[in-house]
Amino acid sequence: MSAAPPKPRFLSVDHISWTVPDLDVAVAFYRDVIGAEELFRMGPMDAADIPLDDQGRDWMETHVGVPGARLTLVMMKLTDNMNFQLVQYDKPVDRRQDLPRNCDRGGHHLGLKVDDVEAAIAYLTAHGCTASEIIHIDAGPLAGKKNVYVLDPFGHQLEIVD
């Protein structure tokens, strides 16, 4: 049995990525409402336009695991230490449109720290978001903190924390 290769140095988070139904609308929301800065845009990139690899697979299947895909992406600077990639897939036609719940495999949310949870709720709901009830934490290591889950206009979960 051969030894495992040495563990690499994981230096930092480079970015997170969400697939969105309408890239331009999502970019506008995260730019204009949240304050993210667009760094660059790529695409559309279509598997049909890229030569097959030596195994007969298209580029998208080989690199992103989605045969026949067509996608466009925008990389945004969300905060000083976090880039946020938004991707719109136009193909394949059988792509799912439902989002996982927090309890589902692949469930996820983006936590954003603010200085005032109530003010953030008012601002975000005025811009098309839907807020749940505030969680007031009164015991444990986060005693005195508040947080709230908010759906962005595309159904993605944000957690707003102070």
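In strand β4, Leu86 is the bridge partner of Trp18. Strands here are DSSP runs of E with at least two residues, and helices are runs of H or I with at least four, both numbered from the N terminus. The model is predicted: local features need pLDDT of at least 70, and side-chain atom pairs count only at pLDDT 80 or more, while totals for chains, interfaces and linings use all residues. Residues are numbered from 1 along each chain as its sequence is written, and side-chain values use heavy atoms, with hydrogens and water left out.

Strands β1 and β4 (residues 82–91) run parallel and are joined by 5 bridges; two strands count as paired if DSSP finds at least two bridges between them. The open sheet comprises 4 strands in the order β1-β4-β3-β2, with mixed pairing. Because β1 (15–19) and β2 (37–46) each have a single partner strand, they stand at the edges, and one side of each is left without a neighbour in the sheet. From one strand to the next, the twist averages 20°.

Helix α1 (residues 23–34) packs on this sheet and touches β1, β2, β3 (70–79) and β4, contact meaning heavy atoms within 4.5 Å. The direction of α1 makes about 5° with that of β3; axes are lines fitted to C-alpha atoms, for helices over the stretch in contact, and angles run from 0 to 180 degrees between N-to-C directions.

Strand β2 contains Asp46. This residue is buried, its relative accessible area being 12% (buried is under 20%, exposed over 50%, partly exposed in between; 1.4 Å probe, protein chains only). The Asp46 side chain reaches the backbone nitrogen of Ala48 at 2.9 Å. Apart from neighbours within four places in sequence, Asp46 is in contact with Met60, Ala69, Arg70 and Lys91.

Note on methods: A polar contact is a pair of N or O atoms within 3.5 Å; within protein, one must be able to donate a hydrogen and the other to accept it, and residues adjacent in sequence count only if both atoms are side-chain atoms.
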